[in-house]
Amino acid sequence: MKNEKNNIRDFLYDEPGPKAKRRIIFWTIVSLVPIAFLLYRMTVRFQENGQLAPQYWSFFLKYTTWRFIGQGLLGTLEAALTAGAIAFVIGFLLMRGRISRSGILRKISAALIEFTRGVPTLLFIYFFFLVVPQTGLKLPSLLRIALPVAISAVGVVAEVFRSGVNAVPKGQTEAALSLGMRNRHVFYKVIFPQAFRYVIPSLISEIVIVVKDTTFAYVINFPDLMQNAKVLISNYDAMLPVYLIVSVIYILINFLINQLARAVR
Amino acid sequence: MNIGELLSQYGGKYAIALLTTWKLTAVSFALALALGVLITAMRVSPIRPLRIIAGLYVQIFRNIPGVALLIFLVYALPYLNLIFSYQTCVLTATTLIPASFCSEYLMSGMNMIDKGQIEAARALGMRFTHVLRKVVIPQALRNSVLPLTNLLVATMLTTSLASQVPMNPMELTGLVSHINTHSVGGIMAFVISAALYCATAILIGQIGSLIDRKVRIVR
């Protein structure tokens, strides 16, 4: 598709002629009006409610503010990487179970995958936050956020791995077996390395979900970006600016991760 | 608490919570679908500002964490004198986010359409909006039943955000935290909610593949 027309828009309409061009310019201007109006209204709203006052924004010029945000980001990173690593390992094991030759193992793995995919992350977080302490088990706060986030990701990770394994042509297994390789060997030396390469983009996209889920860290007081944002808010009494900036930071991070996934693909 | 005590004390609340989750999910998904179609139409339109706005929309809402959006709507917007009920805020968050994913799925569903069909429609003299309405969008929808099914499940999971604000009636996640803060619900309180979520997800999956088998365009 590289050299052909590959954008759907190329099929929906041709290069516009002079008349169509005029029409497009007309509608472009018409569509700009409500957009401009909306932007204007928003600015006025900020103004009217005093949210543009320098006291709400000037602290973003301070080094300490950004250091604190940076610390929060490190917390987010720590939680996301820990959760990602756990999800990676358990997801891999679940995938192994899901394609194993033992029927019972397959069923258990399939059930676990369905379970983790059908339950919201917040519920797992409440489980680790409210239910686990009732059993007397005290987990460090990093694990109290990383474990539930990881658990809610393992189902997807397992299925992603499985789709990769399925994408490797069957002939390869047969070829490897006919060379006298053992099943284990076939899987780890032939199938999985290729499967892994297929699924790298999907795994990267899954990191976005993990990063998003770590925002629930404030439920358990783990110092991630969201939690640090709350501290900033109480320090400077600037709810709107802080949440706005923090949201933009999250959007940018996830956008970059998605771009990375696309570049790898 | 064992399951008997829990159900006798909270059984009714679980039923209401399940219905609330279903209702939130259904409303959000219907709105998200409509918004997703609109955004997708804007993304392929010849009018540049619309494309830019729609593209921006998708990038913002597929990348923003749900809580960040919800907290923004609930706690930050009042500083602009924009005050909405908790329910409205939750529904807004659980609609805006799935709508962006919906548009992504529709875009890839669109790219699956045989380009000859679009050319044929245009050769018949159909206009852009006509081609979109009669040829492209219906097929894009039919092509993306399975991703949209997954999106419906994802929307259901997103509605658990409602537990972060005081909502009445509570949905399934909020109820678990409610039970565990008012009495020692133990693991069972969690298991019941989880089971109800899972059952719903499986049901959605089954119905989705049924619809997919009916409407998918076989090539």
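Does B:H178 count as buried or exposed, and at what relative accessibility? B:H178 counts as buried because its relative accessibility is 18%, where buried means under 20% relative accessible area, exposed over 50% and partly exposed in between (1.4 Å probe, protein chains only). The model here is a predicted one, with local features needing pLDDT of at least 70 and side-chain atom pairs counting only at pLDDT 80 or more, while totals for chains, interfaces and linings use all residues. Residues are numbered from 1 along each chain as its sequence is written, chains are lettered from A and ligands numbered from 1 in the order in which they are written, and side-chain values use heavy atoms, with hydrogens and water left out.

B:H178 sits in helix α8 of chain B; helices (H or I, at least four residues) are DSSP runs, numbered from the N terminus. Setting aside neighbours within four places in sequence, B:H178 is in contact (heavy atoms within 4.5 Å) with B:K13 and B:M170.

On to the interface. Here, 61 residues of chain B are in contact with 48 residues of chain A. The two chains bury about 4900 Å² between them, 72% of it on carbon and sulfur atoms; buried area is the accessible area (1.4 Å probe) that two parts lose on being put together, summed over both. B:Y79, B:L80 and B:F190 supply 14% of the area that chain B buries against chain A, more than any other three residues. Salt bridges (a side-chain nitrogen of Lys or Arg within 4 Å of a carboxyl oxygen of Asp or Glu) number zero between chain B and chain A.

Among the helices of chain B that give two or more residues to the side touching chain A are α2 (48-63) and α8 (172-182). Helix α2(B) has 16 residues and reaches 23 Å from its first C-alpha to its last, close to the 22 Å expected at 1.5 Å a residue, the expected span being 1.5 Å times one less than the number of residues. The buried residues of α2(B) include B:Y57, B:F61 and B:N63.

B:N63 leads across to chain A. A:Y250, in helix α11 (residues 239-264) of chain A, counts as buried because its relative accessibility is 0%. Leaving aside neighbours within four places in sequence, A:Y250 is in contact with B:N63 and B:P65, and also with residues including A:T76, A:V211 and A:D224. The side chains of A:Y250 and A:D224 are joined by a polar contact of 3.5 Å; such a contact is a pair of N or O atoms within 3.5 Å, where within protein one must be able to donate a hydrogen and the other to accept it, and residues adjacent in sequence count only if both atoms are side-chain atoms.
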